[in-house]
Amino acid sequence: MAEPEEPRKKGFWEQAREARHNSDGWVRYFITMATITSITACGTCVMVVALLIPFFALIIGIVKINECPVNDMIPVYLIAVGLIGVISSSLNLGRQCSSPDDVKKQRCLACMQCPLSFLWLGFFVAGNIWVYGSLSRVETGEEHKMVISPEGHPVPNPHYCHPWVYWLAFFMITIVYVMLTLLCCIVCAIGVYVKKQSGEQIPLNDMNQSSSGGTYTEGNPGTKEATPQATEGTPRATEEGQNPA
């Protein structure tokens, strides 16, 4: 008894083409392409990196929590976003490693990610205010950690923030805008490419000469016009009135 053939796994471009045809708008197409990209090997590597960066931010925020007088909430932002990022990335890796046929587990992990996404969005908006709001007055140099008071005593600089704390928070916020811009450009480029490929018509070239030596006329490619051919043993006609040599 012959074993049933396994369904052929669709490639990335084939999935992108189907997503372009089945999407009723750019928003739906954007979400579908983000899902397709996340389940590829490249998406898995991105998830691993996305797990390491929040973990690093969590450690820096805990260790340097009292070293940002310019705004005490910046280390708190690193701790909160780092913890949310570690949990969310772990859930994403769990979805990658689990079987796609396990629908119940996939839905459970997706439901756990929804509140984390809203929580991250809230801290992201607050982080923009805390980090970008302190950009004009922050001092991150080690020589600015202490200042001399009017009485002549060294006191902590109220505008100081540890460089690892401030610039890591600044990087984590700015990279979100950069990645969103690049992702929009890539998705739009893929959409234009897939639409162009779908609109092209492949010309059919089935006009082959037959073995009888016939040729096709240029005006009507579907009509074959037979051409007389000389056969061996047939004498060639001479011009009328010309004597043979």
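Biologist: What is the torsion about the S-S bond of Cys68 and Cys161, and is the disulfide left-handed or right-handed?

Modeller: The model is a predicted one, and in it the torsion about the S-S bond of Cys68 and Cys161 is about -105°, so the disulfide is left-handed. The bond links distant parts of the chain, since Cys68 sits in the loop between helix 3 (41-63) and helix 4 (73-97), while Cys161 lies in the loop between strand 2 (154-156) and helix 6 (163-199), 93 residues apart from its partner. The S to S distance in this pair is 2.1 Å, and a search of the whole structure finds one disulfide. Both of its cysteines, Cys68 and Cys161, are buried.

Cys114, by contrast, is in no disulfide, and the nearest cysteine sulfur, which belongs to Cys111, is 5.9 Å away, whereas a disulfide needs the two sulfur atoms within 2.5 Å. With a relative accessible area of 42%, Cys114 is partly exposed. Cys184 is likewise in no disulfide, its nearest cysteine sulfur being that of Cys188 at 6.3 Å, and Cys184 is also partly exposed, with a relative accessible area of 37%.

Turning to the aromatic side chains, the count comes to seven aromatic pairs. One of them brings together Phe56 and Trp164, whose ring centres are 5.8 Å apart and whose planes stand at 80°, so this pair is edge-to-face. Phe56 itself is partly exposed, at a relative accessible area of 36%.

Another pair is made by Tyr132 and Phe170, where the centres are 5.5 Å apart and the planes lie at 85°, so that the arrangement is again edge-to-face. Tyr132 counts as partly exposed at 29% relative accessibility, and Phe170 is partly exposed with a relative accessible area of 22%. These two residues also belong to one aromatic cluster, which is formed by Tyr132, Tyr166, Trp167 and Phe170.

Notes
Residues numbered from 1 in each chain as written. Predicted model: local features only at pLDDT ≥ 70, side-chain atom pairs only at ≥ 80, totals over all residues. Heavy atoms only, no water. Helix = DSSP H or I, 4+ residues; strand = E, 2+ residues; numbered from the N terminus. Buried < 20%, exposed > 50% of the residue type's maximum accessible area, 1.4 Å probe, protein only. Phe/Tyr/Trp six-rings, centres within 6.5 Å; stacked < 30°, edge-to-face > 60°.
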